[in-house]
Amino acid sequence: MEFVSGYQDEFLDFAALLFGWYRKFVAERGSVGTSLEGRWQQLEAQIRRLPQDPALWVLHVLPNHSVGISLGQGAEPGPGPGLGAALLLGDHPPLHLRDLSPYISFVNLEDEEEGEEEEEEDEEEKKREEGGSGTEKVEPEEDRELAPTSRESPQEVNPPGESEEAEQEAGGGEDGCRENRVEDKTRPQKRKGQRSEAAPLHLSCLLLVTDEHGTIFGIDLLVDGAQGTGSWGSGTENLASRAYVLLCHSMACPMGSRDPRKPRQFTVGDAQLHRELKSLVPRLGVKLAKTPMRTWGPRPDFTFASLHARTCHVCHRHSFEVNLTPCPQCNAVLYCGEACLQADWWRCPDDVSHQFWCPKLAAFVERAGELATLPFTYTTGDPYQLLQGDRPALMPPVPPDPPRGLFGSWQDYYTWRGLSLDSPMAVLLTYPLTVYYVITHLVPQSFPELNIQNKQSLKIHVVEAGKEFDFVMVFWELLVLLPHVALELQFVGDGLPPESDQQHFTLQRDGPKVSVRNSSGVSARPSSGTKEKGSRRDLQIKVSARPYHLLQGPKPDLVIGFNSGFGLKDTWLSSLPRLQSRRVPAFFTESSEYGCVIDGQTMAVATGGGTSRPQLNPFRSPFRLRAADNCMPWYCNAFVFHLVYKPLQGSVARPAPVPAPPSPTPSVSPARTRRRRGEKKPGRGARRRR
């Protein structure tokens with residue numbers, strides 16, 4: 001599958017952006033430890049001519065004492081690949097954080113230090129018993145507020161124009177900082193002697209340049225450690241010089257897609273570093289605040305820089321590295337130049353080339369306006385404004401009477417439920433409302449013989465449901481919408497927590513309260529409003545942390561999957577044949593029409609069957625998903641389709657639709673719909689003989 005928009009964890013997009021900018025910064029800065037005076041002069045002349053940003057910029061100094069980074073096999077150290085980012089975030093990007101576990105993990109350095117201290121004490125005690133003297137241990141002073149613990153070099157060089165008196169102003173705090181630096185400097189040597197090349201990296205300090213809103217412009221990593229990462233920088237140079245060059249690069253090449261600029265005013269989150277930069281920052285035509293920053297927090301309109309940065313679809317370079325333009329014919333895919341466009345246009349085989357997909361992608365882009373047509377008022381404003389300050393409960397009390405009709409739009413549901421159109425709850429309610437829409441609308445249209453609306457109970461399998469299980473409580477809304485049905489939802493997928501495997505939960509509604517009970521007897525009762533008519537109703541929740549084709553048990557009434565992405569996971573090649581063997585109605589959602597087409601191709605390869613024509617889901621999420629390398633509209637649960645199974649040999653079954661049938665749903669065989677009572681189904685005898 002070419003595009004992973006909507007399927008990849010947003011944090012991985014953010015991490016790719018950080019490492020991409022950092023690699024560029026390190027390459028342009030040069031090797032660590034070299035003189036930076038010449039680069040200062042070049043950058044200063046360039047930055048003085050930049051336009052001013054009215055926002056205040058901040059340099060954050062974030063020390064780290066407890067977390068280390070361990071590189072696994074396959075990860076390439078050093079700033080060039082960036083912890084193996086070229087491999088992990090290139091042609092085969094990871095989709096979830098767990099995909100990084102073979103390459104990178106985090107360790108607790110404090111636990112290791114405790115073990116080292118115990119070994120040192122044992123050695124000292126042994127020396128004393130032998131008549132020797134142990135080594136003297138340095139005890140660091142108590143931490144002071146805004147202590148620049150990130151400085152690692154015991155020999156600091158004053159920046160140009162800074163007097164020695166300024167260094168003495170730090171007093172005891174500077175001495176404490178030096179002790180910390182001596183301690184930091186000895187840590188990796190101890191580990192190197194004890195754990196050799198397996199010693200973790202120590203990210204001793206993170207330098208971060210942001211504006212007052214929290215938007216990130218630049219980052220620098222000060223790393224001590226082993227595994228051949230000395231080129232990252234062990235703090236042997238002046239921290240003020242390093243921070244100054246980071247500030248210059250953040251202005252000349254800000255992270256994200258915005259133009260180069262300089263701040264009107266600048267402040268530092270470290271008292272001593274603020275003093276050391278007093279003589280340097282004015283060279284850029286930037287005013288340094290009189291006092292260092294004491295406290296800071298992002299404003300309500302804070303956004304990650306990854307929301308603004310785009311990438312080339314072929315070479316994956318970011319917009320701060322190259323100029324990106326969409327394909328002139330489809331306006332769907334972003335490229336950095338003619339070379340990448342031509343490489344993608346003539347890609348082999350033909351069905352993966354942009355030449356093959358270009359007219360289809362153009363049609364997908366044209367539906368952007370239709371997908372964005374929703375009744376919510378925050379679609380043009382701040383969707384999270386309702387969550388700020390003292391606000392009423394997100395969900396109003398349950399209406400005393402059940403719904404009188406079927407809901408087919410957010411507008412009707414919100415009106416009956418008493419929700420305001422500025423409520424962002426639709427981003428979560430899209431999951432239970434999609435299940436409701438499948439049960440009440442799509443199954444009766446495509447499988448009328450099931451008579452699903454008259455069933456007293458339903459067993460539903462929710463496949464590949466790792467994300468949906470995280471907010472399982474929202475599925476309680478099904479009890480409100482379908483009060484006459486006893487529901488059992490079984491979440492299945494190898495992305496579920498292993499510790500939850502084979503667990504059984506019950507969502508119980510008794511009057512105005514909902515209780516969640518599991519086999520251990522744990523119960524929680526969040527209030528849901530006024531007392532409600534009717535007796536107690538339960539929603540059974542079961543968990544199977546395994547691929548669907550390994551699931552054993554009775555056949556369900558319905559199978560549902562959210563944002564399935566058949567082409568992104570190999571287990572679908574086994575799960576889809578399992579579904580076909582059970583021949584159970586199976587509905588899936590996708591975040592784009594492109595994903596629906598890929599799912600149909602995967603179904604054909606795996607089973608010889610197909611998929612129905614995708615329908616626009618009226619209960620799709622209202623938030624458009626970020627797409628880094630394309631301009632197509634992506635919305636969670638945007639489209640719904642069902643599997644069309646390959647007919648059994650010797651039987652008359654619903655014909656598989658062509659790729660674009662004229663009817664929105666496949667037709668039902670007249671012979672099956674008009675069969676009289678007592679008549680045998682065609683082909684039943686053949687199946688019995690086989």
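## Basis and overall architecture

Helices (H or I, at least four residues) and strands (E, at least two) are DSSP runs, numbered from the N terminus. On that basis the protein chain contains 18 helices and 20 strands. The model is predicted, so local features need pLDDT of at least 70 and side-chain atom pairs count only at pLDDT 80 or more, while totals for chains, interfaces and linings use all residues. Residues are numbered from 1 along each chain as its sequence is written, and side-chain values use heavy atoms, with hydrogens and water left out.

Burial is defined by relative accessible area: buried means under 20%, exposed over 50%, and partly exposed in between (1.4 Å probe, protein chains only). Of the 690 residues in the protein chain, 50% are buried. Contact means heavy atoms within 4.5 Å. Among contacts in the protein chain with a separation of 6 or more, 76% join residues 24 or more positions apart.

## Nonpolar cores

In soluble globular proteins, nonpolar side chains tend to be buried together. A nonpolar core is here a set of buried Ala, Val, Leu, Ile, Met, Phe, Trp, Tyr and Cys residues joined through side-chain atoms within 4.5 Å. The largest such core comprises 55 residues, and W410, Y413, I460, F475, F491 and I541 have the most contacts inside it. Two or more residues each come from helix 12 (410-417), helix 13 (426-446), helix 14 (477-481), strand 10 (457-463), strand 11 (486-492), strand 12 (504-510), strand 15 (537-544) and strand 16 (558-561). Helix 13 supplies the largest share, 11 residues.

F475 illustrates the packing: leaving aside neighbours within four places in sequence, F475 is in contact with Y431, P432, V435, E468, L489, F491, L539 and F562. Apart from this core lies another, of 52 residues, which includes L201, L239, L280 and L284.

## Cavities

Rolling a probe the size of a water molecule over the atoms shows where empty space is left. On a 1 Å grid over the protein atoms alone, a cavity is a set of points where a 1.4 Å probe fits but cannot get out, and lining residues have an atom within 4 Å of a point.

The lining of the largest cavity consists of E2, F3, H313, V333, D344, V352, S353, H354, W357, L361 and Y594. Helix 10 (residues 354-365) gives the most to this lining, with 3 residues. Ala, Val, Leu, Ile, Met, Phe, Trp, Tyr, Cys and Pro count as nonpolar, Asp, Glu, Lys and Arg as charged, and the others, Gly among them, as polar. By this scheme the lining divides into 6 nonpolar, 3 polar and 2 charged residues.

Q580 belongs to helix 15 (residues 572-582) and counts as buried because its relative accessible area is 14%. Its side chain reaches the backbone oxygen of T607 at 3.3 Å. Beyond neighbours within four places in sequence, Q580 is in contact with M603, T607, Y645 and K646.

Q453 occupies the loop between helix 13 and strand 10 and is partly exposed, with a relative accessible area of 38%. A polar atom of the Q453 side chain lies 3.1 Å from the backbone oxygen of T440. Leaving aside neighbours within four places in sequence, Q453 is in contact with L406, I439, T440, P444 and H484.

## Backbone geometry

Most residues other than glycine have a negative phi, and most peptide bonds are trans. The peptide bond from C348 to P349 is cis, with omega near -5 degrees; P349 lies in the loop between helix 9 (338-345) and helix 10.

N331, in the loop between strand 8 and strand 9 (334-335), has a positive phi near 55 degrees and is partly exposed at 42% relative accessibility. N637 also has a positive phi, of about 60 degrees. N637 lies in the loop between strand 19 (615-616) and strand 20 (639-644) and is buried, at 0% relative accessibility.

Notes:
A polar contact is a pair of N or O atoms within 3.5 Å; within protein, one must be able to donate a hydrogen and the other to accept it, and residues adjacent in sequence count only if both atoms are side-chain atoms. On a 1 Å grid over the protein atoms alone, a cavity is a set of points where a 1.4 Å probe fits but cannot get out, and a pocket is an open set with protein on both sides within 12 Å along at least five of seven lines; lining residues have an atom within 4 Å of a point.
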